[in-house]
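Work through the exercises below with the model open. Each task is followed by a solution in steps.

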Amino acid sequence: MNPAPVDPARSSRSATARLPEPLPELPVVAAIIGDEAGRVLLAQRAEHGEHPGLWEFPGGKVEHGENAPAALRRELMEELGVDAEPRCRVHRVRLHEPGRVLVLDAWRVDIRAGCPSGRQGQALRWVDVDALHSVCMPPADAPIRSALRLHEIMWITPGLVNERQLPEWLRALDLRLRGGVRLVQLRLPGVDPLLGRRAAHLLGDRCRAAGARWLVNDESSALEASAADGLHLTASALRRCDARPLPASKLVGASCHDARELAVAARLGLDYVTLSPLRVTPTHPGAVPLGDAAFESLARDCPLPVFALGGVGRHDLDQVRALGAFGVAGIRGV
């Protein structure tokens, strides 16, 4: 018996019908309001509703027809009684929740008039950025507080083979710090342990003097002797992790290359990721670049701050931010 002919149109309709409906998005805005002491303002959520009693960055829902800056101006006048001017985006978080996708858009704002007060009965408090990790906040706010401890440019140190290279290596560090770099990843694979510890000590002193944070890549043998601000995991180390390797007081990031690794980093509650390679890079000539479209798709759905890595530099910052990145990372291009 010959099988009945398949109707292509019907088959196409059936496949289309099986596709899941996209979840509705709930756009929300949050304000990063700072003071001269380096603190940021938090508001306490009401005891009824979602996340009762937790602390969050002030803001609220975006109404129909509003953009993020307009929504922030309205919300801050209603909630805090201040006239505020949004200055720049800090980070945008897309968080999948049951039945919806929460899109939290956080901006730094300047107060033009008024003094913040809880006009809806909510408590307010000022918290130092480095103490935010100890505050109970909703899940969508956690990546925002991580972003506040980061900088949009991450310089990754070049390798160090012997003691003779150390002066030039330090000059390269000093040049970046003078140029405004405030986030440094110490990566010295295969370095002699004594040289690695000395380099870490000198780098740490320079970073602290410049007000920069520094991280140790887990390929470096200098980790155990360092007083770094955190740890950067390789992709292989990330895959072996079943829990966050350091407390929340330290920064932890990871190298990622695909959606699976990004999901692991988010599940572990890391503070940031690098996503690579965006483009062709001389250090990894055989690696297939993601390209703009794939990078944007991956970065868009990752709640953590994403640093673009591979074939990009400081001059690409605006472009990669348009693709959903938080910043750029690299050796030569930074």
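**Exercise 1.** Find the ring over which the charged end of R125 sits, and give the distance to its centre.

Solution. The ring is that of W55, and the charged end of R125 lies 4.9 Å from its centre. The criterion asks for NZ of Lys or CZ of Arg within 6 Å of the ring centre and within 35 degrees of the ring normal.

This is a predicted model, in which local features need pLDDT of at least 70 and side-chain atom pairs count only at pLDDT 80 or more, while totals for chains, interfaces and linings use all residues. Residues are numbered from 1 along each chain as its sequence is written, and side-chain values use heavy atoms, with hydrogens and water left out.

**Exercise 2.** Describe the surroundings of Q44.

Solution.
1. Q44 belongs to strand β2; strands (E, at least two residues) and helices (H or I, at least four) are DSSP runs, numbered from the N terminus.
2. Q44 is partly exposed, at a relative accessible area of 25%; buried means under 20%, exposed over 50%, partly exposed in between (1.4 Å probe, protein chains only).
3. Leaving aside residues up to four places away in sequence, Q44 touches G53, L54, W55, Q122 and A123, where contact means heavy atoms within 4.5 Å.
4. The Q44 side chain reaches the backbone oxygen of G53 at 3.0 Å.

**Exercise 3.** Give the strand order of the open sheet of three strands, and state which strands stand at the edges.

Solution.
1. The order is β3-β2-β7, with antiparallel pairing; two strands pair if DSSP finds at least two bridges between them.
2. β3 (55–56) and β7 (124–128) are the edge strands; each has a single partner strand, so one side of each is left without a neighbour in the sheet.
3. β2 (residues 39–44) is joined to β3 by two bridges, and A43 has E56 in β3 as its bridge partner.

**Exercise 4.** Which residues form one aromatic cluster, and how are the rings arranged?

Solution.
1. The cluster consists of Y272, F307 and F326. Rings of Phe, Tyr and Trp (its six-membered ring) pair if their centres lie within 6.5 Å; planes under 30 degrees apart count as stacked, over 60 as edge-to-face and the rest as tilted.
2. The count is two aromatic pairs. Y272 and F307 have ring centres 5.6 Å apart and planes at 85°, so this pair is edge-to-face.
3. F307 and F326 are also edge-to-face, at 5.5 Å centre to centre and 75° between the planes.
4. F307 is buried at 0% relative accessible area, and F326 is buried at 7%.

How values were computed. Polar contact = N/O pair within 3.5 Å; in protein donor to acceptor, adjacent residues only side chain to side chain.
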